[in-house]
Amino acid sequence: MKLLDQLWREYAAMNPQVAAIHGLLAAEGETIVNDHVALRTFGDPRVNIEVIARPFVAAGYAAAGAYRFAEKRLIARHFVHEDPALPLVFISELVLEQCSPGLRARVDALLAPLAASTLAAEALAAVGRPWQVSFVEVEALRAESEYAAWLACFGWRVNHFTVLTNALKRRQALPELLAFLEGHGFEFNHAGGAIKGAPALGLEQASTLASAVPVAFSDGVRAVPGCYYEFARRYAGADGRLFRGFIEGSADRLFESTHQR
Ligand code: NI
């Protein structure tokens, strides 16, 4: 799928961890299979999950699971394609009705000036950041929502791709894979434990901490946490089929991989 290829190129270009981790795994003869891609957006009817999902649905993806993260004021859906070679697509949105009037006004100030052609873009998911914003403004958003701050910094792009470790020959087990990558200097998100989920739940996940990347704001260039890389191992349920959903308690802590440190 062309859109996924484009999102991958832009993600890999912005996240230096990707090429480095691929290099380490390729040196061991491994090939990488993507489990899922994750996108973020604001819960505004102009740009919500439904809008971001449009090009995926047009390409044959169908809505599957629905998720809620009360404390972070997020909801999410995941989308599945009948071609098992295509990754799952996980799209979350910030529920603006649950945010302060101040945050809602700040988000509206980003969205209101956008051209109709931008909002109608077939692939809003790959538009990037179509607004100018100051670092001061981003920090004001961060005071209430790290998620809103990340979106203001980066706009619409993939937040993370995910290595399906089932498809690795040697490093399927997450504890060993993490030890290997930590030994090469990569930092992982330990919020709620380095490995989220459990075999009995059908899914184990872990993620790097997003590296800080330079971003141009209207009041100067600052380094802020960009994208992270995730690892997932899936397990078969009682029906013998691999679990292909997500776990709210795990995803809740994975969102924290882009928090300011
Ligand atoms: Ni994920």
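The buried residues of helix 7 are Glu146, Tyr147, Ala148, Ala149, Trp150, Leu151, Ala152, Cys153 and Phe154; buried means under 20% relative accessible area, exposed over 50%, and partly exposed in between, with a 1.4 Å probe and protein chains only. Helices (H or I, at least four residues) and strands (E, at least two) are DSSP runs, numbered from the N terminus. This is a predicted model, in which local features need pLDDT of at least 70 and side-chain atom pairs count only at pLDDT 80 or more, while totals for chains, interfaces and linings use all residues. Residues are numbered from 1 along each chain as its sequence is written, and side-chain values use heavy atoms, with hydrogens and water left out.

- Helix 7 is mostly covered, with nine of its nine residues buried.
- Just after helix 7, Gly155 adopts a positive phi of about 65 degrees.
- The largest nonpolar core contains 82 residues, and those with the most contacts inside it are Leu39, Phe42, Phe56, Phe90, Leu94, Leu181 and Phe231. Helix 7 (residues 146-154) supplies the largest share of this core, eight residues.
- A nonpolar core is a set of buried Ala, Val, Leu, Ile, Met, Phe, Trp, Tyr and Cys residues joined through side-chain atoms within 4.5 Å.
- In soluble globular proteins, nonpolar side chains tend to be buried together.
- Phe231 has contacts (heavy atoms within 4.5 Å) with residues including Ile21, Leu174, Leu177, Leu181, Phe188 and Thr208, where residues up to four places away in sequence are not counted.

**Leu7 in helix 1**

- Leu7 sits in helix 1 (residues 2-14) and is buried, at a relative accessible area of 2%.
- Not counting residues up to four places away in sequence, Leu7 touches Leu39, Phe56, Ala125, Ala126, Val158 and Phe161.
- The C-alpha atoms of Leu7 and Trp156 are 10.0 Å apart in space, and the two residues are 149 apart in sequence.

**Nickel site**

- Donors are N, O and S atoms within 2.8 Å of the metal (3.2 Å for Na, K and Ca); water is not among the atoms, so sites may look incomplete.
- The nickel ion has as protein donors His36 (NE2), His160 (NE2), Glu230 (OE) and Glu230 (OE), at 2.1 to 2.5 Å from the ion.
- Along the chain, the donors follow the spacing H-x123-H-x69-E. His36 belongs to strand 1 (residues 34-42) and Glu230 to strand 10 (residues 228-234), so the pair ties together parts that are 194 residues apart in sequence.
- The site is irregular, with angles of 52 to 126 degrees among its four donor atoms.
- Four donors count as tetrahedral if all angles lie between 85 and 135 degrees; four count as square planar and six as octahedral if opposite donors are over 155 degrees apart and all others between 65 and 115; anything else is irregular.
- His36 is buried, with a relative accessible area of 2%, and Glu230 is buried, with 1%.

**Cysteines**

- The structure holds zero disulfides, a disulfide being a pair of cysteine sulfur atoms within 2.5 Å.
- Cys99 is in no disulfide, and its nearest cysteine sulfur, that of Cys153, is 16 Å away. Cys99 is buried, at a relative accessible area of 5%.
- For Cys227, the closest cysteine sulfur is in Cys153 at 11 Å, which is too far for a bond. Cys227 is buried as well, at a relative accessible area of 2%.

**Loops between strands**

- Thr208 lies in the loop between strand 7 and strand 8 (212-217) and counts as buried, with 0% relative accessibility.
- The side chains of Thr208 and Gln17 make a polar contact at 2.7 Å. A polar contact is a pair of N or O atoms within 3.5 Å; within protein, one must be able to donate a hydrogen and the other to accept it, and residues adjacent in sequence count only if both atoms are side-chain atoms.
- His81 lies in the loop between strand 3 and strand 4 (88-94) and is buried, at a relative accessible area of 13%.
- A polar atom of the His81 side chain is 2.8 Å from the backbone oxygen of Ala59, and the His81 side chain reaches the backbone nitrogen of Asp83 at 3.0 Å.
- Arg73, in the loop between strand 2 (62-69) and strand 3 (74-80), has a positive phi of about 60 degrees although it is not a glycine.
- Ala200, in the loop between strand 6 (196-198) and strand 7 (203-207), is exposed, with a relative accessible area of 82%.
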